[in-house]
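Hello,

Here is the structure we talked about.

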Amino acid sequence: MSLSRSPSPRRGGGWSSPGLTTPFNTIGGTSTPWKGYEESNVDGGVGNGVTWATAKARSEEINGYPSFSPRKNGWFSRHARKLSNNLPTFAGRRDFAEKEKLGRGRWYPGHGTRNGRLITYLGSIARRFRLRLLLVIAFVLALSMFYITPLYHVYRRASFLGGGSKFVIVLAANQGGGVMEWKGPREWAIERDSVKNKKTYAKKWGYDLEIVDMSTKKRYAHEWRESWEKVDTIRNCMRKYPKAEWFWWLDLNTFIMEPSYSLQSQIFNRLEENTYRDINIYNPLNISHPPTEVYLDPITRSATGNNKTSSIHIIVPQDCAGFNLGSFFVRRGQWTDRLLDIWWDPVNYEQKHMEWEHKEQDALEYLYTNHPWVRPHTAFIPQRKINSFPPGACGENGDNPRYHYSEKDRDFVVNMAGCEWGRDCWGEMYNYRELSNKLNRTPWEKFKDTISARVKGVKERGKKTESPS
């Protein structure tokens, strides 16, 4: 009778171990496999006795797990074992076993309660749909950051990211009423649409917006002259926003047609490409340029100054009559402070107002013509880049590619210049506002408009079919 039910290399059962041997029976069969093993006699000869180590080695070779033995089990291995045995040991706390037992889900606070079962259920779902859950959480986080909360404004305002804090939009709004007379419903409507347009644009890109109430600033002279005070207004804005670099003046009768254009992408990221220094490229005033006086330095006598964008401190568009200050930029700096001081000189705004029809624009043209130090820091920009005209300005046809607005080219800003002299300011503002809304529709709005147009067309065709011929 065999003492073990495990397969034995000995016929008749039993293992070749002390106390577990069975008599060697050569008569009769056995159900245990024994072929393929090299049996050795207990006395050392070849026989039927198999040791435990031999059977184990043979079994490992058959199952495909050969035993590992290093190639050179010599001096290095012996000394490595000695070295590892001599390393110091540290006796630390061994209470981690019970903590691990808690972490395997065997027990936790609330186990068996309704909340516990809910936590278990949610945990199983989270483990099963881990990747999808992470994607949903990332989507909700991005939605809350960039659409629900104003964090994208912080990104666009940061000087080291979007750079919106470097720009200030200055708008003269006359919010307290007219300067020379009180405003009517049309004037209020123009102001409402213009202010809302600038607020939306400034909020979108993280710019500062300074709305100046021009009706309350009658402190400059004994005689009020509207629009000349913009020079002093810019100086006050520079003191109010000490960290801003560029100040963009906009007249009230302007409308930003493309709010998706930032000032950086439209102008300042490629300032050298978008501006030009040599006024001879377009010179409606026929100003002699560059100056030829021998006492001037080479940069001042140059037609393009030093050709560095860092030296540009004022950016002005030109229309068919010369400089246009309905939309222009000035840059903070010592040179700008000097220009504004001289530009605001009482000799200019008090004594020359009868001679200069366009007031502050004529004053700047005079300074550019007669003061050579002004030219190296003045740059010009194509008018349609920041100051497109409607058809009624600079020609009745309104098709001049240098001045007039182009819907095909999606011009940035429209300036209804001179609309108060024989044109309908509110009508022009309304038309351009509706056109801007149409051009800047979202894909969903375009889809809805397409469906509405098709439904309307079907109804009209049905009415024509039903009507008698």
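At what angle do helix 7 and helix 16 pack, and how far apart are their axes? The angle is about 30 degrees, and the axes of helix 7 (residues 185-205) and helix 16 (residues 425-439) are 9 Å apart. Axes are lines fitted to C-alpha atoms over the stretch in contact, with angles from 0 to 180 degrees between N-to-C directions. Helix 7 and helix 16 are therefore roughly parallel (angles under 35 degrees). Helix 7 contributes Arg186, Ala189, Ile190, Arg192, Asp193 and Ser194 to the contact, and helix 16 contributes Cys425, Trp426, Gly427, Met429 and Arg433 (heavy atoms within 4.5 Å).

This is a predicted model: local features need pLDDT of at least 70, side-chain atom pairs need 80 or more, and totals for chains, interfaces and linings use all residues. Residues are numbered from 1 along each chain as its sequence is written, and side-chain values use heavy atoms, without hydrogens or water.

Now the cysteines. There are two disulfides (cysteine sulfur atoms within 2.5 Å). Cys320 pairs with Cys394, S to S 2.0 Å. These two cysteines lie 74 residues apart, in distant parts of the chain. Cys320 is partly exposed at 36% relative accessibility, and Cys394 is partly exposed at 21%. Cys419 and Cys425 form a disulfide with their sulfurs 1.9 Å apart. Both Cys419 and Cys425 are buried. Cys237 is buried too, at 2%. Buried means under 20% relative accessible area, exposed over 50%, and partly exposed in between, with a 1.4 Å probe and protein chains only.

Best wishes

Definitions and conventions:
Helix = DSSP H or I, 4+ residues; strand = E, 2+ residues; numbered from the N terminus. Parallel < 35°, antiparallel > 145°, perpendicular 65-115°, else oblique.
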